[in-house]
Amino acid sequence: MIIGIIGAGIAGLTAGRYLAKQGHEITILEKSGGYGGRMATRYAGKDLSAKMDHGISYFTPKSPNFRQFTAELMDQGLVKRWGDHISLYDGDKLYPKNPNNSTVASFTAVNGMNSIGKYLSRWVDVKTETKVGGLTFIGSHRRKKRSWMINLTGAGTFEADAVIIATPAPQAYGILQTATDEVNTLKIIREIDDVHYTPCYSLMAGYGDRELPAWDGIVCKNSALEFISNEATKKSFDQECSIVAQATPEFTRYLRGKDDDIIKREMMDKLATIIGGWATAPQWNQLHFWRYSHATKVLHHPFMELEFEDSPLALVGDYFRGNSADDAYCSGLNLAKKWSEKYKD
């Protein structure tokens with residue numbers, strides 16, 4: 001079976017890898033130039049040698065399936081345990097240890113979080129910078145070879161026997177709406193319309209050969225910032241002193257629409273109140289806006305699908321049962337296991 005997957009985040013890549021191993025032909029269409037969704041890495045600094053995880057900074061495996069995948073990544077030398085030195089800022093004082101830190105081990109990628117997406121992509125064909133504009137259902141027209149036509153915003157289409165939409169819920173909503181005249185997707189559309197997200201600005205900044213802070217990261221309370229990551233402590237190579245600061249949803253909404261230089265300055269001022277005045281004088285800095293950073297209202301099943309016998313379509317993502325990398329992985333895996341049994345190639 002030829003399966004087209006829209007979105008190269010962890011959910012889509014996981015589903016694609018599993019189904020490819022079962023003999024299906026998998027093509028993933030990704031609108032950006034990278035893999036892994038919010039498991040993203042920006043190359044910055046001198047000679048682009050600094051790798052900055054500006055989305056998900058680390059992950060905590062809780063489900064048995066994701067713990068098993070983490071062990072696989074450990075065996076491949078892609079991740080390591082990280083986060084034993086997480087500090088807490090309570091809005092007034094910086095404490096060297098966060099008393100609320102999880103007792104479950106956390107992990108990060110030693111060569112950038114996007115290396116996890118790249119690893120998953122080895123089993124599938126990923127077409128990056130390929131934006132999907134909509135779907136056309138052609139399953140009832142037997143003169144056609146495939147059941148679904150994925151329409152690209154540029155020139156061209158991609159025909160598939162089955163489709164998996166592995167994008168944030170609002171993007172999935174837009175794609176599904178294009179097919180409502182041909183197939184009844186209204187039940188799914190109504191349900192995913194209830195999924196809500198918070199936005200986030202991520203500030204990346206490099207400080208050259210400055211001595212590294214003693215902490216791995218800082219959880220911030222009563223602050224305009226939510227989390228601060230000491231990026232150099234995560235990598236398997238020598239990296240300059242480099243920080244990623246993530247704004248709260250409220251501060252992000254306040255900043256939205258302002259000039260990028262103003263946003264950077266305001267975020268650096270907030271950062272300086274927590275880690276010191278040196279934070280306002282980086283050698284370089286970059287900004288990224290996440291429109292769909294965290295799903296705050298989620299769906300309580302592992303995935304959704306239109307159960308057409310010969311023309312399957314499904315949705316997967318971290319907004320099914322949560323908003324973490326673990327949730328995304330389990331959503332993609334659960335669907336793939338069901339389809340591998342139902343649609344044996």
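Okay, let's start on strand β17: S242, V244 and Q246 point one way, I243, A245 and A247 point the other way, and all of them are buried. In a regular strand, side chains alternate between the two faces of the sheet. Buried here means under 20% relative accessible area, exposed is over 50%, and partly exposed sits in between, with a 1.4 Å probe and protein chains only. Strands (E, at least two residues) and helices (H or I, at least four) are DSSP runs, numbered from the N terminus.

Before going on: this is a predicted model, so local features need pLDDT of at least 70 and side-chain atom pairs count only at pLDDT 80 or more, while totals for chains, interfaces and linings use all residues. Residues are numbered from 1 along each chain as its sequence is written, and side-chain values use heavy atoms, leaving out hydrogens and water.

Back to β17, residues 242-247, where six of six residues are buried. What does β17 pair with? Five bridges join β14 to β17, running antiparallel, and A205 stands opposite I243. Five bridges also join β16, residues 225-230, to β17, again antiparallel; there, I228 has A245 as its bridge partner. Strands count as paired if DSSP finds at least two bridges between them.

A cavity is a set of points on a 1 Å grid over the protein atoms alone where a 1.4 Å probe fits but cannot get out; a pocket is an open set with protein on both sides within 12 Å along at least five of seven lines; and lining residues have an atom within 4 Å of a point. Grid points are joined across faces, edges and corners, and a volume is the space filled by probe spheres set on the points.

There is one cavity of 30 Å³ or more, and the largest cavity holds about 60 Å³. Its lining includes R38, E226, Q246, W290 and H294. β18 (284-297) gives the most to that lining, with three residues.

The largest pocket has about 1,100 Å³ of space. Of its 48 lining residues, the closest to the centre are E30, G37, R38, P168 and W290. Again β18 gives the most, this time seven residues. The second largest pocket is about 940 Å³, and of its 29 lining residues, Y58, T60, H294, N323 and S324 are the closest to the centre. Here α8 gives the most, with three residues.

Now the nonpolar cores, meaning sets of buried Ala, Val, Leu, Ile, Met, Phe, Trp, Tyr and Cys residues joined through side-chain atoms within 4.5 Å. The largest has 43 residues, of which I3, F59, I116, I164 and W339 touch the most other members. α8 (325-342) gives the most to this core, with seven residues. Apart from it lies another core of 32 residues, among them I165, L299, L313 and L315.

Last, two loop residues. Leaving aside neighbours within four places in sequence, S121 is in contact (heavy atoms within 4.5 Å) with L13, Y35 and V126. D181 is in the loop between α4 and α5, and D181 counts as exposed because its relative accessible area is 78%. D181 and I26 are 155 residues apart in sequence and 27 Å apart in space, C-alpha to C-alpha.
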